[in-house]
Amino acid sequence: MGLGSAVDGRVFHVKLPGHDAMARRADEHVVPTRVLLPRRVVDRPLRQVAKRLAMALTVLAMTVFIVWADRDGYHDNADNKVDFLDAVYYATVTLSTTGYGDIVPYSDPARLVNVVLVTPLRVLFLIILVGTTLEVLTERTREDFRLNRWRTNLREHTVVVGFGTKGRSAIQTLCATGLKKDQIVIVDPAGKVIEAANAEGFVGVLGDATRSDVLLRAEVQKARQIIIATQRDDTAVLVALTARQLNRGAKIVAAVREEENAPLLRQSGADAVITSASAAGRLLGLSVLSPSAGTVMEDLIQQGSGLDLVERPVIKAEVGKNVRETDDLVVSVLRGHRLLGYDDPAASPLQLTDRVITIVRASPLHTSPTNPQHPGQRP
């Protein structure tokens, strides 16, 4: 089973994975679009309301006890005596209103207790009720303010479509190179996935990334780079087409399961395509043929440990030198839009406008004189 698509007059067929139950279930439902900012550590709304209600009942119980303990100082116009029910009635009316005058304190001690104790309790009771109401009413306003401020300040960020295994690994690599969490926006159609992203401190957009309105909520038109790590190859193609239409200058990197779908994804606007299934298979084969070589490759893949691949600009001290004369181990030279291998005669001598891909010893942030920027950072 496949999906046909035409790009530049040529027809491509996207091969779909045979088993992807989770992705199919997500596609069967219409997902509402929402932007969810990371929440501060606060109690849940029901728990907050329960706490306020318990506080209000405690204040009411204290007032009832005070009135009942001093019931001889009160006068009931109905039967000239105050029983426990009258104490509850008086406390309830007094805390919620100014009273009706049917039960009144007539002795001096009772009036003093009303001034010193009951009146402050009434004020506290009203503060609890009004505070709960205002908090409920202002919650939406506060969220709207945070969302508008986030949209205004967001620039040159990274949009990650899909927060599965591939998406998480990509984000971990970006964060290891110094990218801040508030510069990453995650788009996913699953609510629980977005909640998990929020819990880790990321902004999440709940919705289908193949729709332009969803990507616009992620401010994709202002993004510097877009990572597509969806479960399905056909979804990745549609996301790439939509993202490229909204942002012509962003760098788009996508992952596909089937290698035959990679050309279609490149034609759809992706700058780089990673074939996850075949890459894992090649690494397995290499590890069988040469376990040491497989270990080195795995070391290069794992960011922040052992060896790392780094792209950096050529420094002035390296201009005019051969690629083998640099302090770092250069494997490729990026000259304009051409990627030259280290053994390509055209790669040497190095030019000031070149960028080199080198293998360096991993560190939390590469800040050596020959590597002033983290991987992927633009000069």
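Is E311 buried, partly exposed or exposed? E311 is partly exposed, with a relative accessible area of 24%. The model is predicted. A search of the whole structure finds 10 salt bridges. The largest nonpolar core has 32 residues.

**Salt bridges across the chain**

- E311 and R355 form a salt bridge through their side chains, at 2.7 Å from N to O.
- This pair links distant parts of the chain, 44 residues apart. E311 sits in strand β12 (residues 307–313), and R355 sits in strand β15.
- R355 is buried, because its relative accessible area of 12% falls under 20%. E311, at 24%, is partly exposed.
- R244 and D271 form another salt bridge, with the closest N and O atoms 3.0 Å apart.
- That pair also links distant parts of the chain, 27 residues apart. R244 belongs to helix α8, while D271 lies in the loop between α9 (262–267) and β11.
- R244 counts as buried at 11% relative accessibility. D271 is partly exposed at 48%.

**Other salt bridges**

- D213 pairs with R211, and their closest N and O atoms are 2.8 Å apart.
- Relative accessibility is 31% for D213, so D213 counts as partly exposed. R211 has 33% and also counts as partly exposed.
- R151, E219 and K222 form one network, joined by salt bridges that share partners.

**Nonpolar cores**

- L265 touches A236, V237, A240, A254, V256, A270 and V273, leaving out residues up to four places away in sequence.

- D354 lies in the loop between β14 (338–341) and β15 (355–361).
- D354 has 1% relative accessibility and therefore counts as buried.
- The side chain of D354 makes a polar contact of 2.8 Å with the side chain of R335.
- A polar atom of the D354 side chain also lies 2.8 Å from the backbone nitrogen of Q351.
- Outside four places in sequence, D354 is in contact with P313, V314, V333, L334 and R335.

**T275 in strand β11**

- T275 is part of strand β11, which spans residues 272–275.
- T275 is buried, because its relative accessibility is 9%.
- Its contacts, apart from residues up to four places away in sequence, are V256, R257, E258, E259 and A262.

**Surface patch and a loop residue**

- L112, V116 and L117 make a nonpolar surface patch of about 270 Å².
- V116 is found in helix α4, residues 108–153. Its relative accessible area is 49%, so V116 is partly exposed, as exposed requires over 50%.
- A190 lies in the loop between β7 (184–188) and α6 (191–199).
- A190 counts as partly exposed, at 28% relative accessibility.
- A190 and G162 are 28 residues apart in sequence, and their C-alpha atoms are 9.4 Å apart in space.

Conventions:
Residues numbered from 1 in each chain as written. Predicted model: local features only at pLDDT ≥ 70, side-chain atom pairs only at ≥ 80, totals over all residues. Heavy atoms only, no water. Helix = DSSP H or I, 4+ residues; strand = E, 2+ residues; numbered from the N terminus. Buried < 20%, exposed > 50% of the residue type's maximum accessible area, 1.4 Å probe, protein only. Contact = heavy atoms within 4.5 Å. Patch = residues over 30% accessible without salt bridge, like charges linked within 9 Å, V, L, I, M, F, W, Y side chains within 5 Å. Areas by Shrake-Rupley, 256 points an atom, 1.4 Å probe, with all protein chains shown as cover. Salt bridge = Lys/Arg side-chain N within 4 Å of Asp/Glu carboxyl O. Polar contact = N/O pair within 3.5 Å; in protein donor to acceptor, adjacent residues only side chain to side chain. Core = buried A, V, L, I, M, F, W, Y, C linked by side-chain atoms within 4.5 Å.
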